[in-house]
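Subject: Structure for your study

Dear colleague,

Please find the structure below, handed over for your study. My notes on it follow directly after it.

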Amino acid sequence: MRSILICAILLTAIPCTAGLSCRGRCGGVLEGCSCHPSCVTLMSCCPDYNQSCFQLDPQSSCMLGGRPLRVRGLVLQPGSRLLCRFNGEIERDGFIDAEGQAYCVSPLLYETGWITLDVSTDGKHLDRSAEFLSVHPSKADRVFEVALVNATQWQYYGTPNVPGQLRMTWNSSLIRADRVNVELWGYREVDRGDAAGAKGPSSLRAELSYLYSVGRNLANSGGFGFIPEPREGYSQWELGNIRITSNAEADGAKDVEALWSAAHVLAWHLEQSFRDNSSAWARDKCLQWDGLEKKAPDFLSELMDCPCTLAQARADTGRFHTDYSCNIESGSVCTYHPGSAHCVRAIQASPVHGSGQQCCYDSTGALMMTGDSSGGGTPDRAHDWGSPPYREPPHVPGYSHWLYDVMSFYYCCLWSDHCQIYLKHRPSSVVLGDPHFITFDGLQYTFNGRGEYHLVSSPHRELRVQVRTEQVKLNNGTLVKATRLSSVAMKEKASDVIEVRLAEGRLQVLRNQKVLPFTEQRWMDLHGVFVFVPGPENATVSFSSGTGVEVRLHEGTMAVTVLLPVEFSNRTLGLLGVMNSDQTDDLMTQRGAVVSADAPSEEIFTFGGGWSISNKSSLFTYDSAYLLDLYVHSSHDAAFVPDFSPPERPDDPLVSDMSAMCSGEGANFCKYDTLTTGSLSVGNATLRAYQRYEAVMNALQPVVSCGWLRTPKNGKKNGTRYLEGTTLSFSCDDGYARSGSTERTCLCDGTWTGEQPQCVTEDVVGMVLGTVGSLSVLFTMAVMVKRHIRKPSRVRKRKPDQTETQGQIC
């Protein structure tokens, strides 16, 4: 206490010397003190750390901006100058409240992710810094949103039988004013002009602009309603947001305190011709979009294909993530995909066009196709979550997707009856690309070392996954001769470093050694990596390559599953071995020697210890004296010897309960952990983790898909499942006769039996039958040529007018 008091006195008496200041050095470690976030718990911070490397409250803001972010620990005189610079380029004046608290108002950014904020109190030196999370507009905290009452009325306003007053509500306490203005802002993507010298999508720029006010100088009551009128001069703006600000702000003032509504189609202000005949107006728009799509670059060929089954889609966490608009876990009604039970989206946008893939499944787990139902998943020209560099079309999160993919759905499907035009350009994909594997090839062994180790190392792919283990401590404080997983850290190429660790009975996620908050948004699209944390006991990390790392907490025990694309075959090392479907080389040491799976436990223990990491290669965070003392100087505790074979005493009452609980696959692991810890709950947690692994492996087992079959014109198709063993039957409407097969069955080689049926009028049956022989010869030749040139492991993309797709193992 005395030394702390002396330091405080010295700090107020003399300024910090240059060598001890964190100004402009946040995140670094200096000689004699630290500016790294871990310095707080290690008590090694430089004297001005809290003033130079500050925290914000709140730590996040909607991408649209308008939220005041308080600079913690900075108290200034009211009226003082505060300059805020966002992302190193957007400079805005902050403000000081009556208590001297300093605030920076988040600006409109057109991007999501972690944003740097530098501040200056002298107007010159921007040498104090922090970060905040820019949140996707659809995932921002609803407390800060202007709620559009009866969203369906807003969505269809101006179409037949949808009149009346439009209403909105908001949290009035979040606008620090007695009176407010209600504004309309519109979004579009416009050409930069010839001066930009660019062609294609890169020549566009995103523009969210103030259009007009629908109400001025209104009481800040938290609610407002109005009857909209057509706005001929603004009808070209078809997408936008409502914004509410203090009436003291000028109309359309940028980057001021404000509340925003969600983005929505501006049906309510479109020209009078829309209200006179909305269906004809929308049909014309749909046809215009059809013409533009025919000229636009093809993006379908670069998309990854959908998993064949719902089980595969949910297990493939390295590449696909739940689509929040149709989530079986939350009981979503799947408004835009009727008949679907669950949809997923590809996590990564496509490499060239920044496009996205969506896959939807019915209640039986079968992939739904747009050729059968409008409820099928559709690919997106612009990924809903955006993609780097974000700020330029078509990569702007949310808004580019609305313009390229959602507005056309309104034109063709919701406001007119021309959905077939939309689905022609957004057909569902049929097959899965390449399967993923848990990389230990099914070999089971026990390694109870205490330290930090390489779980997966792939120098060729620049992937590193490291694990930390600690000795097990029982609830009564007793240490047992066994270890448990306590943290996993990972990185791929130049991505952010992600660490998931056990902290106070829950999972804690760190990015570049700093704890991430998941209070507002459960997923974060970071630099080269995607993180999803649905709850305190589950975290999924996905890298650009398709690598997925799942971390789950069972009864206080961590379990990690690694899923890798097949491109990693024969390119992995570490405790999970060489991924090549060969168990004999899984226990390969760093020097290339192979230990037999039948080797004594002591020899396997030595093998595991050989995969300890060095201080130089460590990805872990050391932000406590405990971690520094235990791991920094020794990444593998050779003095710690676990209990290799705990005795199973018949007179022990624990044994009978253990035998009843630990059965089936994973029983050996369950028994070992029960005996070493004396806890049935620990053994049960191990068994549950093993069963989870088995479920993932079963879900990722290959299945055979024979591809989509179209419904014959003037006929019916019974069934929409296209996997091995499925039989589809066909019939014709009254007045039509069938040619071709009544039934077709999907075979194990990925082909359909029989011939595609057709339904024709009875007066042309003779002509059809008379020519079927010659047509069958031509069809057989076409299939033979196509199969001959088709690559064995992939399927050529189906053109929109093809009636049948080739099958493949998924």
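The disulfide of C732 and C759 is left-handed, because the torsion about its S-S bond is about -85 degrees; a disulfide here is a pair of cysteine sulfur atoms within 2.5 Å. The two sulfur atoms of C732 and C759 are 2.1 Å apart. Strands (E, at least two residues) and helices (H or I, at least four) are DSSP runs, numbered from the N terminus. C759 is buried, at a relative accessible area of 9%. Buried means under 20% relative accessible area, exposed over 50%, and partly exposed in between, with a 1.4 Å probe and protein chains only.

Please note that this is a predicted model, in which local features need pLDDT of at least 70 and side-chain atom pairs count only at pLDDT 80 or more, while totals for chains, interfaces and linings use all residues. Residues are numbered from 1 along each chain as its sequence is written, and side-chain values use heavy atoms, leaving out hydrogens and water.

The structure holds 13 disulfides. One of them joins C306 to C359, with the sulfur atoms 2.1 Å apart; at -90 degrees about the S-S bond, this link is left-handed. C748, by contrast, is in no disulfide, and the nearest cysteine sulfur, that of C706, lies 8.9 Å away. C748 is exposed, with a relative accessible area of 58%.

Strand β37 (residues 727-732) also belongs to a sheet. Three bridges join β37 to β39, and the two run antiparallel; strands pair if DSSP finds at least two bridges between them. T727 stands opposite T745 in β39. The open sheet has three strands in the order β36-β37-β39, with antiparallel pairing. β36 (715-718) and β39 (743-745) stand at the edges with a single partner strand each, so one side of each has no neighbour in the sheet.

Which residues touch the most other members of the largest nonpolar core? Of its 83 residues, they are W415, M490, I498, V500 and V509. Helix α8 gives the most to this core, with nine residues. A second, separate core of 24 residues includes L184, V214, I242 and I244. A nonpolar core is a set of buried Ala, Val, Leu, Ile, Met, Phe, Trp, Tyr and Cys residues joined through side-chain atoms within 4.5 Å.

Yours sincerely
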